[in-house]
Amino acid sequence: MSARVRIPTPLQKVTGNQAEVDCEGSNVRELITNLDNKYKGIKDRICDENGKVRRFVNIYINEEDIRFLKGEDTGIKDGDEVSIIPAIAGGY
Amino acid sequence: MSHVKGMRCKECGREYPKSPIYVCEYCFGALEVNYNYEAIGKSLSRKKIENGPKSIWRYKELLPIDGEPTDGLNTGFTPLIKSRNLAKELGVKELYIKDDSVSHPTLSFKDRVVAVALSKAKEFGFDTVACASTGNLANSVCAHSALAGLKRFVFIPADLEMGKIVASLIYEPNLIAIEGTYDEVNRLCAEIASKHKWAFVNINIRPFYAEGSKTYGYEIAEQLGWRAPQNIIVPVAGGSLISKIWKALNEFHKLGFVSEVKTKIYAAQAEGCSPVVTAIREKSDIIRPVKPKTIAKSLAIGNPADGYYAMQTVRESGGYGAYASDSEIVDGIKLLARTEGIFTETAGGVTVAATKKLLEEGRISRNESIVICITGNGLKTQEAVYDHIGKPYKIKPSLEAFEEYLKKGVVQR
């Protein structure tokens, strides 16, 4: 399953300044592993030492936060759009 | 002269030079401004602050700008009101209201952060400012950028209160209403911000912008006669204000401006959007995002960026949290109006209602000093109370009709 992954500015150094990349993976966990195979070091940025997505990193599939889906087990379909976004301040 | 040494990741401690960035390249942690407190301690004193301008800029040394402030020159130094009526109603000894419902120029505490953000954005050389907002920030960015002559793009959820939409549009911004929640607006803005090189006050200017909230805390301590109160109740959405009030008090302590900080900090949220309060009450370390459903739209952030820090602040200070239902929010707004003559917005209703609950639960002692944070103005969220405040009593223009009213209709207060 190939998804289009939008890469946030702080990670674009790892992807050779690409803001969007295509990557395979049947679920989010696998997608991150595959991303790391292509772009070494990306997983360490997104995940903590236990391999879990860091608490201040948000991942969205087709605009939906994966924490409202199945977290890292959330499945990925062909053509899905994945966004990786740092936590953003706002409100009070 | 600037006392900012640079920026530092709150998570891993990596250091960065001063620039419009907001997240650590290595671990995605939030960046924070790093000050030289030793130098601040040498150049700043209570006396110097007291002789400063009656605005947030009296604390200039503790704010992250390099030159002289250029924006929000009349912002801040809002009243700290000693309450009699509400204190009596709540059965407490010493109660104060920090009233930012009269903040200049847009009637919410957001003027503080925008004043700092725009001064800083200009130092960085930006000509366009932008923000994602639940309303108050939008109003403030629009007003300040109109005065400053900056281009402005403002992104809001489409279902905001009319008062907040009008109070943005009047300043002729690019106002983009997004069909979705604030969290969706924020996500979109993060993607826009990485494409368009604007000063997004709550994104790439965030480390500087957020420091403006400290002035709310500084003012509380200064206006209490250089003393930190025993309890402060703060509305929480993204979780920034509450952490910055705590930081402000601790900075004052570090600089010797207050002799001790034994303040317990309490988080107030709406029942329909209480990820932080829920984590506090359930003693959980995880802030579980929620889909907001509340009339307190300015607090409707289901995925609070600084939620973790807000929770840490509450724990570290020995405080707690409480949430309020929609009807309790309306009652809170009405209670503050009836007792103190202050008309606050829904977020203020949340804070008043939460204070009441925390007192009833015995979490706050009735004999201690208490400060309630009122951060916005009720004229902007009239829809929330419109059906709960009665109607004008219509009469013919005759004395007889008025006497008739006195007989049967008069409000007994």
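The legends below describe close-up views of a predicted model.

**View 1. The domains of chain B.**
Chain B is divided into domain 1, residues 1-42, and domain 2, made of residues 80-106 + 211-388. The centres of these two domains, taken over C-alpha atoms, are 27 Å apart.

**View 2. The contact between chain A and chain B.**
Chain A contributes 24 residues to the contact, and chain B contributes 37 residues. On the side of chain A that touches chain B, strand E3 (57-61) and strand E5 (81-86) of chain A each supply at least two residues. The residues on that side of chain A are 11 nonpolar, five polar and eight charged.

**View 3. An open sheet of four strands in chain B.**
The order of the strands in this sheet is E8-E7-E6-E9 (chain B), and their pairing is parallel. Strand E8 (174-178) and strand E9 (199-200) of chain B are at the edges and have a single partner strand each, so one side of each has no neighbour in the sheet. Strands of a sheet pair through backbone hydrogen bonds. Strand E7 (residues 151-157) of chain B is joined to E8(B) by five bridges. B:Phe155 has B:Ile176 in E8(B) as its bridge partner.

**View 4. Helices on the sheet of chain B.**
Helix H5 (residues 136-148) of chain B lies across strand E6 (128-132) and E7 of chain B, and runs at about 170° to E7(B). Helix H7 (residues 182-195) of chain B also packs on the sheet, where it touches E6, E7, E8 and E9 of chain B. The direction of H7 makes about 145° with that of E7(B).

Strand E12 (residues 321-324) of chain B is covered on both faces. B:Gly321 and B:Tyr323 are buried on one side, and B:Ala322 and B:Ala324 are buried on the other. In a regular strand the side chains alternate between the two faces of the sheet. Strand E11 (residues 264-270) of chain B pairs with E12(B) in the parallel sense over four bridges. The bridge partner of B:Gln269 in E12(B) is B:Tyr323.

**View 5. Helix H9 of chain B and its surroundings.**
Of the 10 residues of helix H9 (residues 214-223) of chain B, nine are buried. Among them are B:Tyr216, B:Tyr218, B:Ile220 and B:Ala221. The buried residues of H9(B) pack against several elements of chain B, including helix H4 (110-123), helix H10 (240-254) and strand E13 (369-374). B:Gly225 follows H9(B) and has a positive phi, near 85°.

Technical notes: Residues are numbered from 1 along each chain as its sequence is written. Chains are lettered from A and ligands numbered from 1 in the order in which they are written. This is a predicted model: local features need pLDDT of at least 70, side-chain atom pairs count only at pLDDT 80 or more; totals for chains, interfaces and linings use all residues. Domain bounds come from an automatic or database domain assignment. Two residues are in contact if their C-beta atoms, placed from the backbone, lie within 7 Å. Ala, Val, Leu, Ile, Met, Phe, Trp, Tyr, Cys and Pro count as nonpolar, Asp, Glu, Lys and Arg as charged, and the others, Gly among them, as polar. Two strands pair if DSSP finds at least two bridges between them. Axes are lines fitted to C-alpha atoms, for helices over the stretch in contact, and angles run from 0 to 180 degrees between N-to-C directions. A residue is buried if 20 or more other C-beta atoms lie within 10 Å of its own, exposed if 12 or fewer, and partly exposed in between; C-beta atoms are placed from the backbone.
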